Amino acid sequence: AAGVQIMVDVILNHIAAPCPAALQAGYTAVMPCVGWAGSNYGNRRINSEDGWKGPELFHNILGNLMGNCPVEEPDFTCPQSEPPGDCTKCDFKGLPDWNTGLQSTRDMLAKHLMELHDLGVTMLRIDAASYISSEDLAAIINQLPWDLVHQEWWGGTPAETRSEAVGHYRDQKYGLKIANALGVGDVKYMAELLNITQGLEGIPPERAVYPLTFHDARTFEADRFVPTYKNGLEFHQQQKFLLAWPHGMAVRLFAGYTFSNMDAGPPGNCGNGQCQPYPVYLFEDEEPRCMPTPSQSPLSDQEKTYEGYVCEHRWEGVGGLVNFRQACRGLPISARWSSQDSNADLGHFAVRLTDGQQQCFMALVRGDNKKFPNYWGDLGDWRLAGMTTGLPPGRYCDLASLSTQRCWDRRRCPREVLIGEDGMVVTGVVKQGDLLAIHTGARLSDSMDPFVCSEDIVKEMSRSQNWRLHGLLLLIALWSVGQT
């Protein structure tokens with residue numbers, strides 16, 4: 001579709017850990033293990049269309065092709081490597097580590113990337129990137145003209161040579177700061193905690209991709225320290241803020257599925273040695289099969305019973321906030337309201353963004369988490385009447401209430417804000433645990449002319465909503481963690 005590019009999460013560092021049957025076979029050249037998609041593999045061996053690949057293509061302990069140094073936990077060091085401390089040559093969590101210094105290994109992995117590129121993939125997220133040397137990684141990926149490459153990164157300042165040779169970094173610290181401000185920290189300091197300009201020290205915003213959550217962030221139960229869909233409305237407010245906050249060159253939304261264990265794959269049927277995921281759309285003209293927008297924090301008992309695709313990116317307001325981010329990303333803050341500024345009640349926060357004629361306004365009220373009660377209790381809704389936004393008079397769509405821009409007639413909106421002739425709010429409410437967002441381009445029309453949503457309008461909307469152009473990425477999780 002117009003305005004859509006495909007990013008693939010690629011694993012170039014390792015293959016799946018051997019199953020018990022492969023370990024019992026010892027040095028025998030067998031492949032008794034079966035991956036989630038039906039692929040066969042063994043202990044440091046995989047099957048492929050051009051024959052099996054054996055242990056000689058993996059890093060190993062000198063003289064023992066079936067063994068290798070481990071990445072030792074919990075400090076993730078590699079004292080047994082040669083030279084000591086080089087974790088790019090060791091097995092991470094028992095996963096056989098490709099010897100990416102070999103030309104034959106590089107050629108095999110590059111062939112895989114070429115197949116993806118030929119299918120239309122234009123962006124990569126590189127799993128376990130810090131366990132591959134930047135020289136090896138650059139030699140593999142830079143044979144093709146990717147629009148964006150970003151590396152899984154957990155901490156520390158990367159070498160500039162890696163940034164130049166490979167690409168951007170997944171920086172989870174930015175999202176954790178949002179979760180801390182809106183779900184963990186003391187509400188007295190919320191305005192200070194929300195003053196987020198970057199994530200990890202040592203990774204500048206222009207080199208970072210900021211997610212709120214990702215597939216490794218899994219918990220059995222709702223955990224306010226770990227942002228996932230299980231936190232319900234609290235998580236949703238956090239992903240709304242990720243979109244509405246003007247900082248961050250590139251942010252990444254996540255769309256996944258429910259899970260009850262840490263290795264759960266997508267919803268589907270398993271049998272005859274392989275699994276087939278269910279489609280999100282059962283039929284082309286039907287609505288997607290997704291979890292509805294949560295009603296409370298954490299999920300209610302009824303909401304917890306849902307199994308299937310979550311589609312966090314389809315929850316109420318995300319589509320509208322893409323519009324807000326397009327218009328307001330990078331604009332300077334010209335006014336702020338908070339209890340710390342003595343111009344708003346506790347737990348209330350708002351900013352005005354201004355650049356010439358472009359005016360944006362965002363406000364929120366921190367929510368209430370029933371699992372983790374706080375001393376400040378119910379903060380209530382925020383009625384904005386009398387607040388000066390600086391926007392021209394008119395009716396505005398609260399974009400944080402708009403689920404999709406597809407065939408939006410710009411005449412009505414689930415929640416509206418009325419601005420008077422003096423630039424002050426006449427009517428407008430921020431719900432507790434929610435966010436409100438308006439900008440000059442979101443003023444509603446009073447036209448009475450018939451509106452027909454044609455295919456041409458849809459295509460034009462798709463072109464204007466190019467997410468990559470506006471620093472917004474969407475990662476849809478369709479893998480099984482820990483499987484091939």
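Predicted model: local features only at pLDDT ≥ 70, side-chain atom pairs only at ≥ 80, totals over all residues.
Residues are numbered from 1 along each chain as its sequence is written, and side-chain values use heavy atoms, with hydrogens and water left out.

**Exercise 1. The sheet**

Task: Find the order of the four strands in the open sheet, and the direction of their pairing.

Solution: 
- Start with the terms. Strands (E, at least two residues) and helices (H or I, at least four) are DSSP runs, numbered from the N terminus. Two strands pair if DSSP finds at least two bridges between them.
- Read off the order: E12-E13-E14-E20, with antiparallel pairing.
- Strand E12 (333-338) and strand E20 (435-439) each pair on one side only.
- From one strand to the next it averages 10°. Angles run from 0 to 180 degrees between N-to-C directions, and axes are lines fitted to C-alpha atoms, for helices over the stretch in contact.
- Contact means heavy atoms within 4.5 Å.

**Exercise 2. Two helices**

Task: Describe how H2 and H3 cross.

Solution: 
- Two packed helices are described by the angle between their axes and the distance between the axes.
- Here the axes of H2 and H3 come within 8 Å and cross at roughly 50°.
- Therefore H2 is oblique to H3. Angles under 35 degrees count as roughly parallel, over 145 as roughly antiparallel, 65 to 115 as roughly perpendicular, and the rest as oblique.
- List the contact residues. H2 gives Arg106, Leu109, Ala110 and Leu113; H3 gives Glu135, Asp136, Ala139, Ile140 and Ile141.
- Sort them: six nonpolar, no polar and three charged. Ala, Val, Leu, Ile, Met, Phe, Trp, Tyr, Cys and Pro count as nonpolar, Asp, Glu, Lys and Arg as charged, and the others, Gly among them, as polar.

**Exercise 3. One glycine**

Task: Locate Gly347, and decide whether Gly347 is buried or exposed.

Solution: 
- Gly347 sits in the loop between E12 and E13.
- Gly347 has a relative accessible area of 1%, so Gly347 is buried (under 20%; exposed is over 50%, partly exposed in between, with a 1.4 Å probe and protein chains only).
- Look beyond four places in sequence. Gly347 is in contact with Val187, Met190, Leu364, Val365, Arg366 and Leu379.
- Take Val187. Its C-alpha atom and that of Gly347 are separated by 5.7 Å, though the residues are 160 apart along the chain.
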